[in-house]
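Dear colleague,

I am handing over the structure we spoke about, so that you can look through it beside the notes below. Please open it first and keep it in view as you read.

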Amino acid sequence: MEKKINHLHWNFDHLKKDPEKQFFLLTGLWFFFVTLAGFADSFYLKTSITPNPGFLIVHGITFSIWVILFLVQCVLISSKNIIWHMRLGKFGVILLFLVFVTGFHTIINSAHVRSHEVKEGTLMQILLGVSIALIAIYNRKKPYIHKRIMVLAMVFLTVAAVQRLARTFWNFEDNFWLINVLYIVPLLAMTVFDQFYFKKFKFLSLLILIYWLTDHFLLTRVYTHFFDSYTGKRIIEMLQHIFLVL
Amino acid sequence: MIVDIYVYLKVYIISMRYRNTQTIKTLSELNIIFTSILFLVFGVISAQTQPPLEEVEKLLQKKITDVTALIYEGETISYAELMTENAVIPFFGLTGKEEIKKALTRLDIPRTDYTIDFSPIVKIDSTTYVTSYTIKEPSGFTSMQSEIWKFEDGQFKIVVAHLIGKDPPIQGGISKPRFFISALFLGVFSFLLLLIFKNAWLWKRK
């Protein structure tokens, strides 16, 4: 049983000893840098004459805090600050709610301002990201499941950053292979890591990888069909009524 | 041409009817005169209905000047509004107004002064014109652009837009500084990941 220390301390001995903590700290850094690089041109270091509208700034800040929180949580676990990890976790639940609201609001409002169709795929990514993060929080007492599901949630919630990163670095092209490799890297690395770390076949990380691939290449088409249907369109209309008022 | 064929046929029918070489000769001469008159008349009418080149040039240059101002104001999408539904920008591999719109919305143009130098307009046929111009920014950034305009449904629309050149030139993918940053980033991450994999492989649960 691990001893929980109430005050913040920075002892990284456990990080040196435990490759699992090293791995999840690296994933935290990965999501942080991908988000930073992806949104550098359009948000963090934006020099364009068209300032970002208020709702986009709120959305950007909320998502940035979420990505930073994930990294901080990984650092706290690496330094055995379990109590602080749990305290920040409660804040994470509130933040997740804000991530959901600002995410939906931005997608619906952007579509309204720019007179184009609501991007249902992006709505689903945020919905899935937030839901999966909540599942991870629900499983907080089972660290093995909690960590791995949280990585999947992060993949969903940083999809936009990966797309922008690829576009920024490859001019106008939507480089299919580059984008998909960047998406899959953390999940693939997690699957390989688990096999090395546990010295036996572990299903969860592989299952997570398969789920993501299924969602990305098959289920997205199902979502599109659903939102093209009568019910789907009514749902979009309902969401427009809710989020355009905000 | 159609009128010409019609007149020849008419001459043939009449000559067959009269079977008289003199009549054929006279009618042939008449035909030449008649055709010439027709060509002259059509030529004059056609010239009158087409706007003079100077006017077209003025109009298209105004459109380009206005849209460039909007682009530098951040309204990059307004360039797509000048295009036909099937317009293309081959340089960026963009086909169709919608695809172009999507690409343009992602474009961030920093606020700066600029000058536009127009080259003389080129007329391809009665409805097609080519414009080309150079935009220069005080920083030294220069871009040369060219568009093919088509007169359709009473207005000029771009069917093909092309970026002829850019200084500093566009590289066919990643820029050098970004390549080094990303190579460094991916290199460090790959190294750390391999190190962690090695640690995991050698790790023994106590």
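This is a predicted model: local features need pLDDT of at least 70, side-chain atom pairs count only at pLDDT 80 or more; totals for chains, interfaces and linings use all residues.

Helices of chain A

Helix 2 of chain A covers residues 19–38, and at 1.5 Å a residue its 20 residues should span 28 Å, which agrees with the 28 Å that separates its end C-alpha atoms. Of these 20 residues, 15 are buried, so helix 2 of chain A is largely enclosed by the rest of the structure.

The C-alpha atom of Ser42(A) is 8.5 Å from that of Asn52(A), a residue 10 positions away along the chain.

Helix 4 of chain A, residues 54–78, has 25 residues and reaches 36 Å from its first C-alpha to its last, close to the 36 Å expected at 1.5 Å a residue. Its buried residues include His59(A), Phe63(A), Trp66(A), Val67(A) and Phe70(A), and among them are also Gln73(A), Cys74(A), Val75(A), Leu76(A), Ile77(A) and Ser78(A). After helix 4 of chain A comes Lys80(A), which has a positive phi, near 60°.

Helix 7 (residues 143–157) and helix 10 (residues 203–228) of chain A pack with their axes 10 Å apart and at an angle of about 20°. Since angles under 35 degrees count as roughly parallel, helix 7 of chain A is roughly parallel to helix 10 of chain A. The crossing of helix 7 of chain A past helix 10 of chain A is right-handed.

Hairpin and annotated segments of chain B

In chain B, strand 1 (residues 83–89) and strand 2 (residues 94–95) pair in the antiparallel sense over 2 bridges, and Val88(B) stands opposite Thr95(B) of strand 2. The hairpin that these strands of chain B form has 4 residues between the strands, and in it Gly93(B) takes a positive phi near 65°.

An unreviewed UniProt entry places the feature "transmembrane region" at residues 26–45 and 179–197 of chain B. Over residues 179–197 of chain B the model is 100% helix and 0% strand, with the end C-alpha atoms 26 Å apart.

With best wishes

Note on methods. Residues are numbered from 1 along each chain as its sequence is written. Chains are lettered from A and ligands numbered from 1 in the order in which they are written. Two strands pair if DSSP finds at least two bridges between them. UniProt positions are given in the numbering used here, feature names are shortened, and annotations may be inferred rather than shown by experiment. The expected span of a helix is 1.5 Å times one less than its number of residues. A residue is buried if 20 or more other C-beta atoms lie within 10 Å of its own, exposed if 12 or fewer, and partly exposed in between; C-beta atoms are placed from the backbone. Axes are lines fitted to C-alpha atoms, for helices over the stretch in contact, and angles run from 0 to 180 degrees between N-to-C directions. Angles under 35 degrees count as roughly parallel, over 145 as roughly antiparallel, 65 to 115 as roughly perpendicular and the rest as oblique. A crossing is left-handed if the near helix is turned anticlockwise from the far one by less than a right angle, and right-handed if clockwise.
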